[in-house]
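Let's take a look at this one together, from the overall fold down to a few side chains. Have the viewer open as you read.

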Amino acid sequence: GEPLEVSEDPLQDLVRNGVAMVPAVLSSETTAELYDFVLKDLAEARAAVEADPGLKHRYFSRHIRQTRSSATAAQTRWELQLPRNDVTQRALEEVLGGPV
């Protein structure tokens, strides 16, 4: 899809897009690894749920309130339940500033 518009106001971006960029929280290396991991995991989860809808809550949160920023916008939120592994652990530690 098209890249989301990013402004100088993360709160406004969150309201408009359902997501916001917070710069300089993750290292470039962790960002790239996490991005690749999430896209791969999301594709696998969506395929698994398409094959067996009963698996939906194994991969995705039960109470997704809004998956789009507007009725005509592309879906930007899946609330994928990521496993705790080396990539997600490193991201958590960078975001929180220490061990989790």
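Helices here are DSSP runs of H or I with at least four residues, numbered from the N terminus. With that in hand, Val25 sits in the loop that links helix H1 (10-17) to helix H2 (28-51). Keep in mind that this is a predicted model.

Zooming out, the protein chain has four helices and zero strands, so its pattern along the sequence reads α-α-α-α. Here are some whole-chain numbers:

| Property of the protein chain | Value |
|---|---|
| Residues counted as buried, out of 100 residues | 17% |
| Share of contacts with a separation of 6 or more that join residues 24 or more positions apart | 42% |
| Accessible surface | about 7500 Å² |
| Part of that surface belonging to carbon and sulfur atoms | 55% |

Now for the inside. Five residues make up the largest nonpolar core: Leu42, Ala45, Val49, Phe60 and Leu80. Setting aside neighbours within four places in sequence, Leu80 touches Val38, Asp41, Leu42, Ala45, Tyr59 and Phe60.

How values were computed. Residues numbered from 1 in each chain as written. Predicted model: local features only at pLDDT ≥ 70, side-chain atom pairs only at ≥ 80, totals over all residues. Heavy atoms only, no water. Core = buried A, V, L, I, M, F, W, Y, C linked by side-chain atoms within 4.5 Å. Buried < 20%, exposed > 50% of the residue type's maximum accessible area, 1.4 Å probe, protein only. Contact = heavy atoms within 4.5 Å. Helix = DSSP H or I, 4+ residues; strand = E, 2+ residues; numbered from the N terminus. Areas by Shrake-Rupley, 256 points an atom, 1.4 Å probe, with all protein chains shown as cover.
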